[in-house]
Amino acid sequence: MPNIDRYDVIVIGAGAAGLLAASCSAERGRKTLLIEKNRKAGVKILISGGTRCNVTHDCDAAGIIAAFGSAGTFLHSALAAFGPHDLLDMLHAEGIPTKIEPGGKVFPQSDRAADVLDALRRCLHRSGAQLSLAEPVKSISRNPPLPLGEGRGEGELPGEIDAVNERRAATAFKVETSRRALHCDKLIVTTGGKSYPGCGTTGDGYRWMADIGHTIHRPRPALVPLTSDEPWIRDLAGVTIADVGVRVINVASAASLPLPQNRPHRPSTLARGVLIERRGSLLFTHFGLSGPAALDVSRAVTAAASPRDILLNIDFLPGIGKAQVERQLCATAATDGKRLIATIIAERLPRRLADALLRLAGIPLERRAAELSATERAKLAEQLKSCALRITGTRGFDKAEVTAGGVALDEVDSRTMQSKRVPGLYLAGEILDLDGFIGGYNFQAAFSTGYLAGQSV
Ligand SMILES: Cc1cc2nc3c(=O)[nH]c(=O)nc-3n(C[C@H](O)[C@H](O)[C@H](O)COP(=O)(O)OP(=O)(O)OC[C@H]3O[C@@H](n4cnc5c(N)ncnc54)[C@H](O)[C@@H]3O)c2cc1C
């Protein structure tokens, strides 16, 4: 009987991590099957970066590690095995030139995510790995070791039993799909997280890993737009600011700090409880805030027990200090005293935002620069430099680019990606408790950990 359902290595999930893992494994001579529930591989690659695919970041391994916070050190070996330059070398060798955009994001020169996916598919094909599409995996389990000939039932022929046992005795895992039962010696799980579930990422791997004995840190949305019920935010829908500083403040830990009232003004809370701080562009929307700065801090928002425990603080003029802002307002009063203060602010920020900040500071829009009192100046500087706003939550997994949380990193050997709980089981990509900032870091982590898993099986 042919061993059609037995593989050296099965990889579940043909995303960034799975494609690399399967190619690597097969290149090393392992009989490898990559199984994907979708009708095509790499669906997230295709939609990533606005269909342009920000493949990695223009930095060395240390730069990638830094983008993952304290969890980043887990990536040392994976990045040593396959770092940003290795990824680019691979793409270039496949005829996919890349470009670096301001800020360090790396994209294919063509701006076509499909080119990146085609390159990965070509590598997979050359490696000899088999790819099975539209085949959801239903469950995974460990095969109990079964010596040849053992377990024969009454009336069963020894030859039949031996043929079954021959196929499964030496294998460690059974993988049941919508169509069949498969057996393998080594299993690589690259099923991703729970974000954008329409892409096939419905958190299946978390369930299997929990059942098999792994700790799953609460999966939660990350790189996700923030929601707010502050009316002035909704009024600014469509306004973008190229460079702001955004902080998430833990007001629960700073007991003396009140949650913001619907203003016009409140004291700064920056001194204590800053959970995360990022700088980048910000977009006001009809539901709240989006853009890289908001997405980057969202992991701290979803980590909070309740949105009421946190406060967002926005610095609209991150290049200069608050005292300097006040001094500049003073100087403008002397030189341009007759001009509307709103017009002066609008030289630096969108007019609608300038008006909103004046209202929040309790300053009439018709106030002229020379008429601004010292108190008003201080209130305006406060709004410009540390505008506090209440967040009601996020847009959830449906709109989250990545999932924070996942398989506990201390249960996975970072030198091989092998589970410390289950020998022969390997994990790579977003299923791990790793989430990085916007900028190509998440793909790099998926490619690197996938590669290392494929090298280790
Ligand atoms: C809209 C969007 C844009 C993004 N843009 C970028 C970007 O530009 N740059 C960047 O670095 N990151 C980006 N990301 C994040 C990036 O896509 C992920 O970090 C990365 O895809 C994770 O790779 P992965 O291989 O671990 O998981 P995934 O790419 O999510 O792949 C997991 C695969 O497993 C399959 N699967 C799940 N369960 C099963 C099952 N039971 N049986 C069989 N198959 C299964 C899924 O269908 C999926 O194909 C973006 C994400 C989104 C949603």
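Predicted model: local features only at pLDDT ≥ 70, side-chain atom pairs only at ≥ 80, totals over all residues.

Trainee: In what order do the 7 strands of the open sheet lie?

Mentor: Strands of a sheet pair through backbone hydrogen bonds, either parallel or antiparallel. Here the order is S16-S15-S12-S13-S14-S11-S17, with antiparallel pairing. S16 (387-389) and S17 (393-394) each have a single partner strand, so one side of each lacks a neighbour in the sheet.

Trainee: Which helix lies across S13 and S14?

Mentor: That is H10 (residues 292-303), which runs at about 145 degrees to S13. H10 also lies across S11, S12, S15 and S17.

Trainee: At what angle do helices H11 and H14 pack?

Mentor: H11 (residues 322-335) and H14 (residues 374-385) pack at about 130 degrees, their axes 9 Å apart. H11 is therefore oblique to H14. The crossing is right-handed. The residues of this contact comprise 7 nonpolar, no polar and 4 charged; among them are Leu-329 in H11 and Leu-384 in H14.

Trainee: How many residues surround the ligand, and which helix gives the most to the shell?

Mentor: The ligand is surrounded by 37 residues, the closest being Gly-13, Gly-15, Gly-192, Gly-200 and Gly-429. H2 gives the most, with 5 residues, while H1, H2 and H15 each supply at least two. By class, the shell holds 15 nonpolar, 16 polar and 6 charged residues.

Definitions and conventions. Residues numbered from 1 in each chain as written. Near = placed C-beta within 6 Å. Helix = DSSP H or I, 4+ residues; strand = E, 2+ residues; numbered from the N terminus. Nonpolar A, V, L, I, M, F, W, Y, C, P; charged D, E, K, R; others polar. Pairing = 2+ DSSP bridges. Contact = placed C-beta atoms within 7 Å. Axes fitted to C-alpha atoms, helices over the stretch in contact; angles between N-to-C directions. Parallel < 35°, antiparallel > 145°, perpendicular 65-115°, else oblique. Left-handed = near helix turned anticlockwise from the far one by under 90°.
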